[in-house]
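Subject: A structure for you to look at

Hello,

Here is the structure I promised to pass on to you. Please open it next to this message and follow along as you read.

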Amino acid sequence: MKAQALHGHLDALLLSVLEEGSLHGYAIIEALRERSGGMLNLPTGTIYPALRRLERAGYVDSTWSTVNGRERRTYRLTGAGHRALAGERTSWQELSSTVGRFLGVDGPSQAPA
C-alpha cells in the first residue's frame, strides 16, 4: 500500500503505534508493517517527516539515546497525543460507518417502494 493512499490517516496510525509504548523510528516502521500484515511498508521519507509534524503539534515527544553504539531517536505519545488519538478513533468510526453504508458487503440499502 502506498503512502499516498494513507493521506489523512498516517498521523492516526503513528499515534496508535506509539500508544503501545516508546519506540525508535525504525521500530515504528516495523510495527506498522507487522500490524498491517505487511500491507504498510512505508519508507523512512514518509515516516520521519510525519513524526516531526506530530512532535511540533505536541502529540509526540522524542529523546536521543545510544543503543549498541548507535544514536537513536525514541518517540513517545504525550497526553495531548492520547487525546488526539481518541479523536482520530471517533472520526474514523464515523467515517467508516458512513462509507460502509455505500460500500458495505450488503450493497446499497433498498428504499421502500
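Predicted model: local features only at pLDDT ≥ 70, side-chain atom pairs only at ≥ 80, totals over all residues.

**The overall picture**

The protein has four helices and three strands. The accessible surface is about 7700 Å², with carbon and sulfur atoms contributing 53% of that.

**Salt bridges**

The count of salt bridges is six. Let me take you through some of them, including one between Asp-11 and Arg-53, where the closest N and O atoms are 2.6 Å apart. Asp-11 belongs to helix α1 (residues 10-19) and Arg-53 to helix α3 (residues 44-56), so this pair ties together parts that are 42 residues apart in sequence. Asp-11 is partly exposed, at a relative accessible area of 22%. Arg-53 counts as partly exposed too, with a relative accessibility of 37%.

Another salt bridge brings together the side chains of Arg-35 and Glu-20, at 3.1 Å from N to O. Arg-35 is in helix α2 (residues 25-35), while Glu-20 sits in the loop between α1 and β1 (23-24), so parts that are 15 residues apart in sequence are tied together here. How exposed are the two partners? Arg-35 is partly exposed, with a relative accessible area of 48%, whereas Glu-20 counts as exposed at 63% relative accessibility. The cut-off behind that wording is 50%: a residue over it is called exposed.

Next, have a look at Arg-73 and Glu-55, which form a salt bridge with their closest N and O atoms 3.4 Å apart. This pair links distant parts of the chain, since Arg-73 is in strand β3 (residues 70-77) and Glu-55 is in helix α3, 18 residues apart. Arg-73 is partly exposed, with a relative accessible area of 26%, and Glu-55 is partly exposed at 23%.

**Helices α2 and α3**

Now please turn to α2 and α3. Their axes come within 10 Å and cross at roughly 115°, which makes α2 roughly perpendicular to α3. The crossing in which α2 passes α3 is right-handed.

Which residues meet where these helices come together? On the α2 side they are Gly-25, Tyr-26, Ile-28, Ile-29 and Leu-32, and on the α3 side Thr-44, Ile-47, Tyr-48 and Leu-51.

Do write back with any questions.

Best wishes

Note on methods: Residues numbered from 1 in each chain as written. Heavy atoms only, no water. Helix = DSSP H or I, 4+ residues; strand = E, 2+ residues; numbered from the N terminus. Areas by Shrake-Rupley, 256 points an atom, 1.4 Å probe, with all protein chains shown as cover. Salt bridge = Lys/Arg side-chain N within 4 Å of Asp/Glu carboxyl O. Buried < 20%, exposed > 50% of the residue type's maximum accessible area, 1.4 Å probe, protein only. Axes fitted to C-alpha atoms, helices over the stretch in contact; angles between N-to-C directions. Parallel < 35°, antiparallel > 145°, perpendicular 65-115°, else oblique. Left-handed = near helix turned anticlockwise from the far one by under 90°. Contact = heavy atoms within 4.5 Å.
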